[in-house]
Amino acid sequence: MKLYIKEKIFSFHNRYFIKDEQDKNILEISSKAISIGSKTWVKDPNGKELAYIEQELFHLMPNYNIYINGQKEFSIKKKFKLFKNDYEISNNYRVEGNFLAHSFIVYNNKDEKVGEITRKYLTIGDQYIIDIFDEKDYILILTIIVAITNDIDRAQAASST
């Protein structure tokens, strides 16, 4: 399953769509513009919530809880590394890659490659290609990618101010 994200450079709301290969909106990702800690929703085209990503506060490094269909499924914790980003996922999935370039791979608990995100360069606005290799768990894989991508974006925004 190949998915696409095309973010607009100037947007007044923190909302973008994930599109399929026919350029049809299949998921909406939205975040609260002003909140203490990150709060992000993954919704279907009819507005039904499929997943919710919430940042836990009062931790040295960012922690995110992932809820799918209203149930907490797992958490993602950023580990402290001096020269690179690294994330620990409570369901024994793992991620590897160049996080600052928004290019990384998700592996499941059997060490199988289940998802990948790559950034397209030389485009107007940010554009990403997401490959999901295990379609039955696409929401789980997608929430990992969205949580980490949001964390990277928040860190980059904070460092540029």
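Trp 41, Tyr 52 and Tyr 67 make up one aromatic cluster. The model is a predicted one, in which local features need pLDDT of at least 70 and side-chain atom pairs count only at pLDDT 80 or more, while totals for chains, interfaces and linings use all residues. Residues are numbered from 1 along each chain as its sequence is written, and side-chain values use heavy atoms, with hydrogens and water left out.

A pair of aromatic rings is described by how far apart the centres are and by the angle of the planes. Rings of Phe, Tyr and Trp (for Trp, its six-membered ring) are taken as a pair if their centres lie within 6.5 Å; planes under 30 degrees apart count as stacked, over 60 as edge-to-face and the rest as tilted. By this rule the count is 2 aromatic pairs. In one of them, the ring centres of Trp 41 and Tyr 52 are 5.2 Å apart and the planes stand at 35°, so the pair is tilted. Trp 41 belongs to strand E4 (residues 39–43) and Tyr 52 to strand E5 (residues 49–56), so this pair ties together parts that are 11 residues apart in sequence. Strands (E, at least two residues) and helices (H or I, at least four) are DSSP runs, numbered from the N terminus.

Accessibility was classed with a 1.4 Å probe on protein chains only: buried means under 20% relative accessible area, exposed means over 50%, and partly exposed lies in between. Trp 41, at 19% relative accessibility, counts as buried. Tyr 52 is also buried, with a relative accessible area of 14%. Tyr 52 and Tyr 67 form a tilted aromatic pair as well, with 5.9 Å from centre to centre and 35° between the planes. This pair links distant parts of the chain, since Tyr 52 is in strand E5 and Tyr 67 is in strand E6 (residues 63–68), 15 residues apart. Tyr 67 counts as partly exposed at 22% relative accessibility.

Strands of a sheet pair through backbone hydrogen bonds, either parallel or antiparallel. Two strands are counted as paired if DSSP finds at least two bridges between them. The sheet has 12 strands in the order E8-E7-E6-E5-E4-E3-E2-E1-E12-E11-E10-E9, with antiparallel pairing. Strand E8 (86–89) and strand E9 (94–98) are at the edges with a single partner strand each, so one side of each is left without a neighbour in the sheet. On average, neighbouring strands of this sheet are turned by 20° against each other, direction ignored. Such angles are taken between axes, which are lines fitted to C-alpha atoms (for helices over the stretch in contact), and run from 0 to 180 degrees between N-to-C directions. Strands E5 and E6 run antiparallel and are joined by 6 bridges. Gln 55 stands opposite Tyr 64 in E6.

Charged side chains also connect parts of the chain. A salt bridge is a side-chain nitrogen of Lys or Arg within 4 Å of a carboxyl oxygen of Asp or Glu, and the structure holds 6 salt bridges. One of them joins Lys 2 to Asp 131, with the closest N and O atoms 2.9 Å apart. Lys 2 lies in strand E1 (residues 2–6) and Asp 131 in strand E12 (residues 127–132), so the pair ties together parts that are 129 residues apart in sequence. Lys 2 is partly exposed, with a relative accessible area of 30%, whereas Asp 131 counts as buried at 16%. Another salt bridge is formed by the side chains of Glu 28 and Arg 15 (3.9 Å, N to O). Here Glu 28 is in strand E3 (residues 25–31) and Arg 15 is in strand E2 (residues 15–19), 13 residues apart. Glu 28 is buried at 16% relative accessibility, and Arg 15 is partly exposed at 40%.

Glu 96 forms a salt bridge with Arg 94, in which the closest N and O atoms are 2.4 Å apart. Salt bridges that share partners join Arg 94, Glu 96 and Asp 111 into one network. Asp 111 lies in the loop between strand E10 (103–107) and strand E11 (113–120), and is partly exposed with a relative accessible area of 48%. The C-alpha atoms of Asp 111 and Arg 94 are 8.2 Å apart in space, and the two residues are 17 residues apart in sequence.
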